[in-house]
Amino acid sequence: MGGSGPKRVSSKAIDVVGVGINATDTIIRLPHFPALDSKVEIISSEMMPGGQVASAIVACRRWGLRVRYVGKIGEDAAAQLQMDEMENEEVEARWITAPGCESQSSYILVDESSGERTVLWKRNSRIALRAKDLKREWIWDARILLIDGHDTEASATAARWAKQERLEVVGDFDNRYPGVEAVLEFTDFPITSKDFPERLTGQKDLLKSLPAIFRRFKCRLMAATLGRLGVLAWDGARFLLCPGFRVDAVDTTGAGDIFHGAFVYGLSRQGPLEEILEFACAAAALNCMAPGARGNIAPLAEIQKLRRTGERSEPAYSVAQLDEAARAAISTALDARPRSASGSAE
């Protein structure tokens with residue numbers, strides 16, 4: 001994947017439309033995470049725009065894609081911050097407003113020593129995006145749809161429309177919210193947190209749970225991010241393990257959001273999956289080098305430089321483990337295929 005900008009492979013007006021969460025984050029940097037019944041002096045506190053899909057779409061716009069964002073806000077200062085940010089980033093936005101309601105907000109405690117974060121969030125139920133809030137014309141003229149797994153009714157509707165219009169659908173799933181299975185039915189590329197597959201399948205081993213989800217929902221790729229260790233994916237025939245990149249992390253808040261944005265960018269350029277995953281890992285790592293969900297959305301040239309020269313994390317799995325698990329997954333898939341009258345798999 002080169003860094004000279006997006007290749008135009010379609011006459012559609014929009015490269016990617018994102019439907020999902022926006023949030024206003026108050027980033028609180030601490031010298032260390034507080035123990036119970038203790039006091040800790042903060043290093044700094046700053047309010048910043050965030051949210052899974054919103055941040056991913058901003059990243060795609062900075063990398064040169066034609067984008068649209070669809071999200072819901074309240075009537076408060078945080079809503080104005082979100083609208084101003086999208087306008088400043090030259091993102092075409094379709095806002096649904098919940099009258100007299102607070103927008104989604106988060107307080108994010110960041111451990112200065114490691115960059116790891118803990119998110120405290122609040123969300124009025126009236127701010128949830130509903131299927132009735134959406135318009136089909138916001139979706140149909142894009143090439144790729146990015147959704148999250150929070151407001152599953154709206155996400156499932158958007159994804160179903162997208163599949164009917166032959167869009168590729170990328171999903172960001174961090175938890176098992178009610179109705180998420182209906183969203184997965186229409187998702188080509190689910191990319192989840194490392195804990196989501198176990199919550200969905202009951203299987204702790206990613207080498208078993210990823211293929212199980214892939215088979216059940218007939219995905220094109222099933223992946224789970226592994227934090228500093230990168231990402232593990234299953235494409236139906238092999239596991240793709242991309243180790244993470246070692247950086248001096250300041251704040252990991254938006255790593256997953258930017259990973260998804262970078263995956264969408266790579267998909268829009270029709271790159272090989274291995275390169276797309278590596279690009280996404282590099283973009284996510286660089287974003288951790290400054291505070292906030294969009295702290296360091298790096299230019300394409302900087303991401304490509306890290307890919308070429310960056311130090312990698314240790315592998316989460318050995319080649320032997322991946323090969324053995326792939327053989328087992330393929331065998332399980334063959335055994336699960338329907339049988340013909342003669343007894344052979346169809």
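**View 1. Residue classes in the lining of the largest pocket.** In this predicted model, the lining of the largest pocket holds 18 nonpolar, 20 polar and 11 charged residues. The volume of this pocket is about 1500 Å³. Its lining counts 49 residues, and the closest to the pocket centre are Arg117, Thr252, Thr253, Ala255 and Gly256. Six elements each supply at least two lining residues: strand S2 (23-30), strand S6 (105-111), strand S7 (117-122), S9, H7 and H8. H7 provides the largest share, with five residues.

**View 2. The second largest pocket.** This pocket holds about 190 Å³ of space. The residues that line the second largest pocket are Asp205, Leu207, Lys208, Pro211, Ala212, Arg215, Gln321, Glu324, Ala325, Ala328, Ala329 and Thr332. H10 gives the most, with six residues. By class, the lining of the second largest pocket divides into six nonpolar, two polar and four charged residues.

**View 3. Aspartate 257 in helix H7.** Aspartate 257 sits in helix H7, which spans residues 255-268. The relative accessible area of aspartate 257 is 10%, under the 20% limit, so this residue counts as buried. Leaving out residues up to four places away in sequence, aspartate 257 touches Gly51, Gln52, Ser55, Ala56, Asp172 and Ala293. Valine 58 is 199 residues away from aspartate 257 in sequence. In space, the C-alpha atoms of aspartate 257 and valine 58 are 10.0 Å apart.

View 4. The largest nonpolar core has 50 residues. Those that touch the most other members are Val16, Trp63, Val170, Phe259, Phe263, Leu277 and Ile303. H8 gives the most to this core, with 10 residues. Phenylalanine 263 touches Val170, Phe189, Ile191, Leu221, Leu273, Ile276, Leu277 and Ala280, with residues up to four places away in sequence not counted. Another core lies apart from the largest one and has 44 residues. Among its members are Leu145, Ala159, Phe173 and Ala325.

**View 5. Arginine 166, a loop residue with positive phi.** Arginine 166 belongs to the loop between helix H3 (152-164) and strand S9 (168-173). Its phi is positive, about 65°, although arginine 166 is not a glycine. Most residues other than glycine have a negative phi. The relative accessibility of arginine 166 is 77%, over the 50% limit, so this residue counts as exposed.

View 6. Glutamine 270 is found between H7 and helix H8 (273-287), in the loop that joins them. Phi is positive here too: glutamine 270 has a value near 60° and is a residue other than glycine. The relative accessible area of glutamine 270 is 59%, over the 50% limit, and therefore glutamine 270 is exposed.

How values were computed:
Residues numbered from 1 in each chain as written. Predicted model: local features only at pLDDT ≥ 70, side-chain atom pairs only at ≥ 80, totals over all residues. Heavy atoms only, no water. Helix = DSSP H or I, 4+ residues; strand = E, 2+ residues; numbered from the N terminus. Buried < 20%, exposed > 50% of the residue type's maximum accessible area, 1.4 Å probe, protein only. Contact = heavy atoms within 4.5 Å. 1 Å grid on protein atoms, 1.4 Å probe; cavity = no way out; pocket = protein on both sides within 12 Å on 5 of 7 lines; lining within 4 Å. Points joined across faces, edges and corners; volume = space filled by probe spheres on them. Nonpolar A, V, L, I, M, F, W, Y, C, P; charged D, E, K, R; others polar. Core = buried A, V, L, I, M, F, W, Y, C linked by side-chain atoms within 4.5 Å.
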